[in-house]
Amino acid sequence: MVTKQGFVNMPPKVLTIAGSDSGGAAGLQADLRTWAVLGAYGLSVLTAVTAQNSVSVERVQYMSPEFVADQLNAVLSDYGAVAIKTGFIGQTELILVIASKLQQYGCQKIVVDPVLVNHRGQPMFTEAVRWHYVVALMPLAYLITPNVMETAVLLNSAVPDPTDLPRLAHLATELHRLGAKNILLKGGRDGEDVVDIFYDGRTTHELRSPYIETENTHGAGDTLSAAVCVALARGERLDTAVYLAHQFTHQAILNGANWQLGAGHGPVFPVIGNP
Ligand code: PXL
(Lines give C-alpha, C1' and ligand atoms only; values in the text may rest on other atoms or scores of the structure.)
Protein backbone atom coordinates (compact mmCIF):
# COMPACT_ATOMS: atom_id res chain seq x y z
CA MET A 1 0.00 0.00 0.00
CA VAL A 2 1.37 3.48 -0.82
CA THR A 3 0.66 5.90 2.02
CA LYS A 4 -0.04 9.64 1.70
CA GLN A 5 3.61 10.42 2.31
CA GLY A 6 4.56 8.07 -0.51
CA PHE A 7 6.20 5.52 1.78
CA VAL A 8 5.51 1.90 1.09
CA ASN A 9 3.80 0.38 4.11
CA MET A 10 4.59 -3.33 3.95
CA PRO A 11 2.94 -6.14 5.91
CA PRO A 12 5.02 -8.09 8.45
CA LYS A 13 6.41 -11.29 6.98
CA VAL A 14 5.64 -14.43 8.96
CA LEU A 15 6.43 -18.06 8.21
CA THR A 16 4.65 -21.24 9.19
CA ILE A 17 6.38 -24.62 9.08
CA ALA A 18 3.34 -26.87 9.17
CA GLY A 19 1.22 -29.64 7.75
CA SER A 20 -1.67 -29.20 5.35
CA ASP A 21 -5.15 -30.06 6.62
CA SER A 22 -7.29 -30.98 3.62
CA GLY A 23 -10.31 -30.24 5.82
CA GLY A 24 -9.23 -26.60 6.01
CA ALA A 25 -9.57 -26.32 9.79
CA ALA A 26 -6.07 -26.63 11.24
CA GLY A 27 -2.42 -26.51 10.22
CA LEU A 28 -1.27 -24.47 7.26
CA GLN A 29 -4.79 -23.45 6.34
CA ALA A 30 -5.56 -22.05 9.80
CA ASP A 31 -2.25 -20.18 9.90
CA LEU A 32 -2.62 -18.52 6.51
CA ARG A 33 -6.27 -17.65 7.20
CA THR A 34 -5.29 -16.02 10.49
CA TRP A 35 -2.51 -14.08 8.82
CA ALA A 36 -4.71 -12.85 5.97
CA VAL A 37 -7.24 -11.58 8.51
CA LEU A 38 -4.57 -9.87 10.61
CA GLY A 39 -2.90 -8.24 7.61
CA ALA A 40 0.36 -10.20 7.70
CA TYR A 41 2.17 -11.70 4.72
CA GLY A 42 2.20 -15.46 5.24
CA LEU A 43 4.96 -17.72 3.95
CA SER A 44 4.58 -21.47 4.29
CA VAL A 45 6.86 -24.48 4.37
CA LEU A 46 5.03 -27.80 4.24
CA THR A 47 6.14 -30.69 6.44
CA ALA A 48 3.33 -33.07 5.49
CA VAL A 49 0.05 -33.34 3.66
CA THR A 50 -2.84 -34.92 5.52
CA ALA A 51 -5.97 -36.49 4.10
CA GLN A 52 -8.49 -35.57 6.77
CA ASN A 53 -11.92 -34.17 7.37
CA SER A 54 -13.95 -33.17 10.40
CA VAL A 55 -14.26 -36.82 11.46
CA SER A 56 -10.85 -38.43 11.03
CA VAL A 57 -7.31 -38.26 9.70
CA GLU A 58 -7.13 -40.88 6.94
CA ARG A 59 -3.52 -40.54 5.83
CA VAL A 60 -0.36 -38.53 6.31
CA GLN A 61 2.24 -38.10 3.58
CA TYR A 62 5.45 -36.56 4.90
CA MET A 63 7.70 -34.36 2.79
CA SER A 64 11.29 -35.52 2.59
CA PRO A 65 13.81 -33.71 4.84
CA GLU A 66 15.61 -32.50 1.68
CA PHE A 67 12.44 -30.98 0.31
CA VAL A 68 11.67 -29.25 3.61
CA ALA A 69 15.23 -27.87 3.57
CA ASP A 70 14.73 -26.63 0.00
CA GLN A 71 11.52 -24.85 0.93
CA LEU A 72 13.19 -23.22 3.95
CA ASN A 73 16.18 -22.12 1.88
CA ALA A 74 13.88 -20.70 -0.79
CA VAL A 75 11.82 -18.50 1.50
CA LEU A 76 14.45 -17.56 4.10
CA SER A 77 17.20 -16.69 1.61
CA ASP A 78 14.87 -14.28 -0.18
CA TYR A 79 11.90 -12.97 1.81
CA GLY A 80 13.11 -13.76 5.31
CA ALA A 81 10.58 -13.82 8.13
CA VAL A 82 10.24 -11.57 11.17
CA ALA A 83 8.50 -14.30 13.14
CA ILE A 84 8.18 -18.03 12.55
CA LYS A 85 5.92 -20.74 13.94
CA THR A 86 6.19 -24.49 13.77
CA GLY A 87 3.13 -26.74 13.80
CA PHE A 88 2.74 -30.38 12.74
CA ILE A 89 6.19 -31.93 12.16
CA GLY A 90 5.95 -35.51 13.43
CA GLN A 91 9.31 -36.98 12.36
CA THR A 92 12.74 -36.73 13.97
CA GLU A 93 14.53 -36.15 10.63
CA LEU A 94 12.23 -33.22 9.90
CA ILE A 95 12.74 -31.73 13.36
CA LEU A 96 16.51 -31.91 12.88
CA VAL A 97 16.51 -30.26 9.45
CA ILE A 98 14.14 -27.52 10.62
CA ALA A 99 16.25 -26.83 13.72
CA SER A 100 19.40 -26.63 11.64
CA LYS A 101 17.86 -24.20 9.11
CA LEU A 102 16.37 -22.01 11.83
CA GLN A 103 19.85 -21.72 13.33
CA GLN A 104 21.46 -21.07 9.96
CA TYR A 105 19.11 -18.16 9.20
CA GLY A 106 19.15 -16.83 12.77
CA CYS A 107 15.51 -15.99 13.32
CA GLN A 108 14.81 -14.95 16.92
CA LYS A 109 11.03 -14.80 17.18
CA ILE A 110 10.19 -18.49 16.94
CA VAL A 111 6.95 -19.91 18.32
CA VAL A 112 6.90 -23.70 18.67
CA ASP A 113 3.44 -25.24 18.90
CA PRO A 114 4.38 -28.77 19.98
CA VAL A 115 1.78 -30.76 18.03
CA LEU A 116 2.19 -34.08 19.85
CA VAL A 117 -1.29 -35.36 20.70
CA ASN A 118 -4.47 -35.76 18.68
CA HIS A 119 -7.72 -34.10 19.68
CA ARG A 120 -8.60 -37.13 21.80
CA GLY A 121 -5.48 -36.44 23.83
CA GLN A 122 -3.56 -39.49 22.61
CA PRO A 123 0.16 -39.12 21.76
CA MET A 124 0.59 -39.29 17.96
CA PHE A 125 4.33 -39.83 17.65
CA THR A 126 7.25 -41.82 18.99
CA GLU A 127 9.28 -41.12 22.10
CA ALA A 128 12.13 -40.07 19.79
CA VAL A 129 9.97 -37.28 18.39
CA ARG A 130 9.21 -36.01 21.89
CA TRP A 131 12.91 -36.11 22.73
CA HIS A 132 13.89 -34.18 19.60
CA TYR A 133 11.33 -31.49 20.40
CA VAL A 134 12.97 -31.08 23.80
CA VAL A 135 16.61 -31.13 22.73
CA ALA A 136 16.52 -29.62 19.22
CA LEU A 137 13.51 -27.29 18.89
CA MET A 138 12.74 -26.05 22.39
CA PRO A 139 16.13 -24.33 22.83
CA LEU A 140 15.45 -22.31 19.64
CA ALA A 141 11.93 -21.30 20.63
CA TYR A 142 11.12 -17.89 22.08
CA LEU A 143 7.73 -19.29 23.10
CA ILE A 144 6.25 -22.78 23.28
CA THR A 145 2.49 -23.27 23.34
CA PRO A 146 1.65 -26.77 24.63
CA ASN A 147 -1.83 -27.72 25.79
CA VAL A 148 -2.33 -29.71 28.98
CA MET A 149 -1.78 -33.08 27.28
CA GLU A 150 1.27 -31.94 25.35
CA THR A 151 2.75 -30.57 28.57
CA ALA A 152 2.45 -34.04 30.10
CA VAL A 153 4.08 -35.61 27.04
CA LEU A 154 6.97 -33.11 26.99
CA LEU A 155 7.64 -33.62 30.70
CA ASN A 156 7.05 -37.37 30.58
CA SER A 157 4.67 -36.93 33.50
CA ALA A 158 1.10 -37.83 34.39
CA VAL A 159 -1.66 -35.85 32.71
CA PRO A 160 -2.64 -33.06 35.11
CA ASP A 161 -6.18 -32.17 36.10
CA PRO A 162 -6.97 -29.08 33.96
CA THR A 163 -8.83 -27.51 36.89
CA ASP A 164 -5.74 -27.70 39.12
CA LEU A 165 -4.29 -24.32 38.16
CA PRO A 166 -1.47 -24.32 40.74
CA ARG A 167 -0.34 -27.67 39.28
CA LEU A 168 -0.43 -26.26 35.74
CA ALA A 169 1.59 -23.24 36.88
CA HIS A 170 4.12 -25.62 38.43
CA LEU A 171 4.36 -27.66 35.20
CA ALA A 172 5.04 -24.42 33.30
CA THR A 173 8.04 -23.85 35.58
CA GLU A 174 9.15 -27.43 34.88
CA LEU A 175 9.07 -26.74 31.15
CA HIS A 176 11.18 -23.66 31.82
CA ARG A 177 13.68 -25.79 33.72
CA LEU A 178 13.74 -28.13 30.74
CA GLY A 179 14.91 -25.23 28.56
CA ALA A 180 11.81 -23.41 27.31
CA LYS A 181 12.28 -19.61 27.53
CA ASN A 182 8.61 -18.67 27.67
CA ILE A 183 5.60 -20.94 28.01
CA LEU A 184 1.94 -20.52 27.16
CA LEU A 185 0.23 -23.56 28.68
CA LYS A 186 -3.23 -23.82 27.12
CA GLY A 187 -6.46 -25.34 28.25
CA GLY A 188 -6.78 -24.91 32.01
CA ARG A 189 -10.31 -24.71 33.43
CA ASP A 190 -11.73 -22.74 36.33
CA GLY A 191 -15.51 -22.96 36.65
CA GLU A 192 -16.94 -21.15 33.63
CA ASP A 193 -13.53 -19.92 32.48
CA VAL A 194 -10.85 -21.28 30.19
CA VAL A 195 -7.45 -20.38 31.61
CA ASP A 196 -4.19 -20.28 29.67
CA ILE A 197 -1.09 -19.88 31.81
CA PHE A 198 1.78 -17.72 30.63
CA TYR A 199 5.14 -18.11 32.34
CA ASP A 200 8.18 -16.05 31.34
CA GLY A 201 10.68 -17.55 33.76
CA ARG A 202 9.83 -15.04 36.50
CA THR A 203 6.12 -14.43 36.73
CA THR A 204 2.98 -16.41 36.03
CA HIS A 205 0.04 -14.70 34.33
CA GLU A 206 -3.43 -16.14 33.82
CA LEU A 207 -5.27 -15.45 30.58
CA ARG A 208 -8.98 -16.02 31.05
CA SER A 209 -12.00 -16.13 28.80
CA PRO A 210 -15.46 -17.67 29.18
CA TYR A 211 -15.62 -21.36 28.17
CA ILE A 212 -17.59 -21.82 24.94
CA GLU A 213 -19.77 -24.96 24.84
CA THR A 214 -18.88 -26.37 21.39
CA GLU A 215 -17.03 -29.22 19.70
CA ASN A 216 -15.89 -26.82 16.99
CA THR A 217 -12.39 -26.09 18.20
CA HIS A 218 -10.36 -27.65 15.39
CA GLY A 219 -7.54 -25.23 14.56
CA ALA A 220 -7.76 -23.26 17.81
CA GLY A 221 -4.15 -23.95 18.80
CA ASP A 222 -2.88 -23.10 15.32
CA THR A 223 -4.86 -19.86 15.27
CA LEU A 224 -3.48 -18.90 18.67
CA SER A 225 0.18 -19.45 17.83
CA ALA A 226 -0.25 -17.80 14.41
CA ALA A 227 -1.79 -14.74 16.06
CA VAL A 228 1.11 -14.58 18.56
CA CYS A 229 3.51 -14.54 15.59
CA VAL A 230 1.80 -11.53 14.02
CA ALA A 231 1.88 -9.52 17.24
CA LEU A 232 5.57 -10.37 17.73
CA ALA A 233 6.32 -9.48 14.12
CA ARG A 234 4.67 -6.09 14.71
CA GLY A 235 7.02 -5.52 17.66
CA GLU A 236 4.63 -6.16 20.55
CA ARG A 237 6.00 -7.41 23.85
CA LEU A 238 5.47 -11.13 24.41
CA ASP A 239 2.98 -10.67 27.27
CA THR A 240 0.92 -8.34 25.06
CA ALA A 241 1.23 -10.74 22.11
CA VAL A 242 -0.12 -13.73 24.05
CA TYR A 243 -2.95 -11.62 25.49
CA LEU A 244 -4.02 -10.37 22.04
CA ALA A 245 -3.77 -13.88 20.58
CA HIS A 246 -5.84 -15.37 23.41
CA GLN A 247 -8.63 -12.82 22.80
CA PHE A 248 -8.47 -13.32 19.03
CA THR A 249 -8.74 -17.11 19.41
CA HIS A 250 -11.67 -16.79 21.81
CA GLN A 251 -13.49 -14.76 19.15
CA ALA A 252 -12.52 -17.29 16.43
CA ILE A 253 -14.07 -20.13 18.49
CA LEU A 254 -17.20 -18.04 19.12
CA ASN A 255 -17.62 -17.34 15.39
CA GLY A 256 -17.93 -21.01 14.38
CA ALA A 257 -19.38 -22.41 17.62
CA ASN A 258 -22.82 -23.21 16.15
CA TRP A 259 -21.75 -24.32 12.67
CA GLN A 260 -22.09 -27.82 11.24
CA LEU A 261 -19.79 -27.79 8.21
CA GLY A 262 -18.99 -31.52 8.31
CA ALA A 263 -20.23 -34.46 10.37
CA GLY A 264 -17.58 -34.12 13.10
CA HIS A 265 -15.49 -31.49 14.88
CA GLY A 266 -15.85 -28.15 13.18
CA PRO A 267 -13.26 -25.42 12.71
CA VAL A 268 -12.66 -22.17 14.45
CA PHE A 269 -13.03 -19.21 12.14
CA PRO A 270 -10.93 -16.10 12.57
CA VAL A 271 -12.53 -12.95 11.24
CA ILE A 272 -12.65 -9.40 12.40
CA GLY A 273 -16.23 -8.12 12.31
CA ASN A 274 -19.14 -10.42 11.45
CA PRO A 275 -18.36 -13.90 10.07
O1 PXL B 1 -4.22 -28.53 15.38
C2 PXL B 1 -3.03 -29.23 15.22
C3 PXL B 1 -2.80 -29.62 13.80
C4 PXL B 1 -1.78 -29.04 13.10
N5 PXL B 1 -1.51 -29.36 11.81
C6 PXL B 1 -2.24 -30.27 11.16
C7 PXL B 1 -3.28 -30.90 11.80
C8 PXL B 1 -3.57 -30.58 13.16
C9 PXL B 1 -4.69 -31.22 13.82
O10 PXL B 1 -5.52 -31.84 13.23
O11 PXL B 1 -4.01 -31.80 11.13
C12 PXL B 1 -1.91 -30.59 9.75
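Tutor: Let's start with His 250, which sits in helix H8 (residues 238-256); helices here are DSSP runs of H or I with at least four residues, strands are runs of E with at least two, and both are numbered from the N terminus. This is a predicted model, in which local features need pLDDT of at least 70 and side-chain atom pairs count only at pLDDT 80 or more, while totals for chains, interfaces and linings use all residues. Residues are numbered from 1 along each chain as its sequence is written, and side-chain values use heavy atoms, with hydrogens and water left out.

His 250 counts as buried because its relative accessibility is 16%; buried means under 20% relative accessible area, exposed over 50%, and partly exposed in between, with a 1.4 Å probe and protein chains only. Setting aside neighbours within four places in sequence, His 250 is in contact (heavy atoms within 4.5 Å) with Ser 209, Pro 210 and Ile 212.

Leu 244 also belongs to helix H8, but at 40% relative accessibility it counts as partly exposed. With neighbours within four places in sequence again left aside, Leu 244 touches Ala 231 and Glu 236. Leu 244 and Ala 227 lie 17 residues apart in sequence, yet their C-alpha atoms are 7.7 Å apart in space.

Two packed helices are described by the angle between their axes and the distance between the axes. Here the axes are lines fitted to C-alpha atoms, for helices over the stretch in contact, and angles run from 0 to 180 degrees between N-to-C directions. The axes of H1 (residues 27-37) and H7 (residues 220-233) come within 9 Å and cross at roughly 40°. H1 and H7 are therefore oblique to each other; angles under 35 degrees count as roughly parallel, over 145 as roughly antiparallel, 65 to 115 as roughly perpendicular, and the rest as oblique. Their contact has six nonpolar, three polar and two charged residues, where Ala, Val, Leu, Ile, Met, Phe, Trp, Tyr, Cys and Pro count as nonpolar, Asp, Glu, Lys and Arg as charged, and the others, Gly among them, as polar.

A second pair is H3 (residues 92-105) and H4, whose axes come within 9 Å and cross at roughly 10°. That makes H3 roughly parallel to H4. The residues of this contact divide into 10 nonpolar, two polar and no charged. Those from H3 include Ile 95 and Leu 102, and those from H4 include Val 129 and Tyr 133.

In H5 (residues 148-155), seven of the eight residues are buried, Glu 150 being one of them. Asn 147 caps the N-terminal end of H5, with a side-chain oxygen 3.1 Å from the backbone nitrogen of Met 149. Just after H5, Asn 156 takes a positive phi of about 55°.

Finally, H5 and H6 pack at an angle of about 45°, with their axes 11 Å apart. H5 and H6 are therefore oblique to each other. Val 148, Thr 151, Leu 154 and Leu 155 of H5 make this contact with Leu 168, Leu 171, Glu 174 and Leu 175 of H6.

Conventions
A polar contact is a pair of N or O atoms within 3.5 Å; within protein, one must be able to donate a hydrogen and the other to accept it, and residues adjacent in sequence count only if both atoms are side-chain atoms.
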